[in-house]
Amino acid sequence: MSRMNKHANADATYDMELSPEEQAMLRGEKGEAVQEAIRLQIEIAKFWGAKRMVPVTNVHIMGDMEVLGDAGKDFLTSVAAKNARAACATTTNPRCVDFAFADRLGQDPEIVGKEMQVVSLFKTMNIAPVNTCINYQTVYQPHVGEHVAWGDTGTVIYANSVFGARTNFESGPAALAAALTGRTAAYGFHLDENRKGTFLVEINFTPNDYADWGAIGKLVGEMNQNYLAVPVFVGAGSPSSDELKHLGAALAAYGSMAMFHMVGVTPEARSVEDAFGGKQPSHVMSISQADIDAVYASYNTNGNPLDLVVFSGPQLSILEIAKLADLFRGKRVKPGTQVIVTTTNGVKSHARQIGTLQTLEEAGVLILEGVCFYILQNLSQMRESNGWMNVITNSAKLANNVGAHKLNGILRKTSDCVDIALGTGA
Amino acid sequence: MEQTKAITVNRAFGDIVEGEAIVSEEGFSPRYDLDRWSGIISRPGHKLEGLSITGKILFFPSAKGGVAAGWAFHDIKHKGLAPKAFVFGVTNPVMVQGAIFANITITEGWDCVPHDVIRTGDIVRVDPQLRRIVLVSRK
């Protein structure tokens, strides 16, 4: 973060209110790494007009070799060498390598080695490499009003919406800075004024699959691409944690959104009036069964085989694994088809204890831990070597994100995905 | 004499830069839309598919999801593939954090639709201090 000096020195504090401790950080009294971190944070604060910092209790950081590149890894190495240590509980997002399966997936041994070094660097900095994008289900659940600094958009929208906690999208370098200083700039969703609903979404059907919830997120997100847009859902029933997870992940992926309200479900939406805080919605969307059917109908196989089925993005919870195990029990994935599930080390371990892991493995499903499918190192090469063209998935987020690897994502309901995997559906 | 063509932006960071503009009708994500090994927009169907962003001044109406920009901008900067500036209509914190970390000029918000003033291929100057983007010469 020393590259910030030129800009930071020109107008180091502008008109921010810095506490004595923050001023000490800026003077370098807490070490060089912390000084550089707070300089970056002040420059970010300046862009957004933040007037102060807020202490954070928890940080979640993205940092895998697929996105770090050598430059990012070198940066982490330099920060760690300055005796940097996380000032609050800090965890990591998924990696791009499951070390147990790197060879089988044909991943580059050199980058796999570097990924191991990155994990080690995080540990050195007192950052726990839990490698999950479902930290909100498996690691830490902040309470209403609690300020955190989370990376991965799906974690952010879940924290703001379902917990009523407060965070912006924090990219890797920004989250690392928050970990080192124990605070972040007060802008965006840390502030009351940005947390009210901005438009209304009426759900006029009964979603009955994770894919339905993702399809809602896709429709709402695509039509309203704006970080500060906050949809208020009514008529959505009482969705489960996993259903809210798929909704939020899709809103974030398609709309760059960081918060939603669901009347009667999320804590800052006890009523429509509560959710909007006296403001008028800018517009109203209605979503019907026909709209969702149109989403499913919009995907085209382009005449290519349906030989890759992926359950990932976000990683699966223990309950999602159990549902999949029920669908695959006693059956076999059709020859020539690859089925991949990604989850956390902890969930995989629990699934093994319960027996659902063995059920899936016996069906021929590959379960990867600590990774997410679309960030796998070498995914484009895997696509080429396996001849994959289409990805069938029940995750709307994944259907979107695999496009970067020239894969054609196709959203289908969970049971339809399983039928395709077994060769009993199309 | 033609009036000076300029856009005023709401927020800005970085050095003054001058270069060739690419004006996009579609938003942008460095992880989902960009090949970070070539600097070329790679996502099939993206309105800029096949164009290189390297050394350009990029006008995007919006930012797409993904926290990857923080490291991705730093990565492409070190690979010599970075654009000179990002000019967003509406952006998100990740783009800003990433651009500031990589020391790439970035702005958000505009007082007129860029297409009314600037076309792809024009040479423009971005001045973050003045929060102003000026047309230097037509293509």
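**Salt bridges, cores and the interface**

Glu268(A) and Arg195(A) form a salt bridge in which the closest N and O atoms are 2.6 Å apart, and, as with everything that follows, this comes from a predicted model. The two partners sit 73 residues apart and the pair links distant parts of the chain, with Glu268(A) in the loop between β8 and α11 (272-276) of chain A and Arg195(A) in the loop between β5 (183-185) and β6 (199-203) of chain A. Both Glu268(A) and Arg195(A) are buried. Over all chains, the structure holds 25 salt bridges.

Chain B has a pair of this kind as well, between Glu108(B) and Arg11(B), whose closest N and O atoms are 2.7 Å apart. Here the bridge runs between two strands, since Glu108(B) belongs to strand β7 of chain B and Arg11(B) to strand β1 of chain B, 97 residues apart. Glu108(B) counts as buried because its relative accessibility is 5%, under the cut-off of 20%, whereas Arg11(B), with a relative accessible area of 26%, is partly exposed.

A further salt bridge in chain B joins Asp75(B) to Arg36(B), with 3.9 Å between the closest N and O atoms. Because Asp75(B) lies in helix α1 of chain B and Arg36(B) in the loop between β3 (34-35) and β4 (40-41) of chain B, the pair ties together parts that are 39 residues apart in sequence. Asp75(B) is buried, with a relative accessible area of 2%, and Arg36(B) counts as buried at 2% relative accessibility. Arg36(B) also reaches across to the other chain, where its side chain meets that of Glu66(A) in a salt bridge of 3.0 Å, N to O.

How many salt bridges are counted between chain B and chain A? The count is one, while nine residue pairs are in polar contact between the two chains, both residues of each pair being at pLDDT 80 or more. On the side of chain B that touches chain A, the elements giving two or more residues are β1 (6-13), α1 (69-78), α2 (93-102) and β7 (105-110) of chain B, and α2(B) gives the most, with seven residues. Sorted by class, this side of chain B has 17 nonpolar, 14 polar and eight charged residues. In all, 39 residues of chain B are in contact with 45 residues of chain A, and the two chains bury about 3600 Å² between them, 63% of it on carbon and sulfur atoms.

Asp64(A) lies in the loop between β2 (58-61) and α4 (65-81) of chain A and is buried, with a relative accessible area of 0%. A polar atom of the side chain of Asp64(A) lies 3.0 Å from the backbone nitrogen of Glu66(A), and the residues that Asp64(A) touches, not counting those up to four places away in sequence, include Arg95(A), Glu115(A) and Arg31(B). Asn168(A) is found in the loop between α7 (153-163) and α8 (172-181) of chain A, and its relative accessible area of 0% makes it buried. The side chain of Asn168(A) makes a polar contact of 2.8 Å with that of Tyr227(A), and beyond four places in sequence Asn168(A) touches, among others, Trp150(A), His190(A) and Pro93(B).

We turn now to the nonpolar interior. In soluble globular proteins, nonpolar side chains tend to be buried together. The largest nonpolar core has 152 residues, of which Ile216(A), Val220(A), Phe233(A), Phe311(A), Phe328(A) and Phe73(B) touch the most other members. Helix α3 (residues 32-48) of chain A supplies the largest share of this core, ten residues. Apart from it lies another core, of 22 residues, among them Leu105(A), Ile340(A), Leu379(A) and Trp388(A).

Leaving aside neighbours within four places in sequence, Phe233(A) is in contact with residues including Ile216(A), Val220(A), Leu247(A) and Phe260(A). Phe260(A) is found in the loop between α10 (241-255) and β8 (261-262) of chain A, and it is buried, with a relative accessible area of 0%.

Conventions:
Residues numbered from 1 in each chain as written. Chains lettered and ligands numbered in written order. Predicted model: local features only at pLDDT ≥ 70, side-chain atom pairs only at ≥ 80, totals over all residues. Heavy atoms only, no water. Helix = DSSP H or I, 4+ residues; strand = E, 2+ residues; numbered from the N terminus. Buried < 20%, exposed > 50% of the residue type's maximum accessible area, 1.4 Å probe, protein only. Polar contact = N/O pair within 3.5 Å; in protein donor to acceptor, adjacent residues only side chain to side chain. Contact = heavy atoms within 4.5 Å. Core = buried A, V, L, I, M, F, W, Y, C linked by side-chain atoms within 4.5 Å. Buried area = accessible area lost by both parts, 1.4 Å probe. Salt bridge = Lys/Arg side-chain N within 4 Å of Asp/Glu carboxyl O. Nonpolar A, V, L, I, M, F, W, Y, C, P; charged D, E, K, R; others polar.
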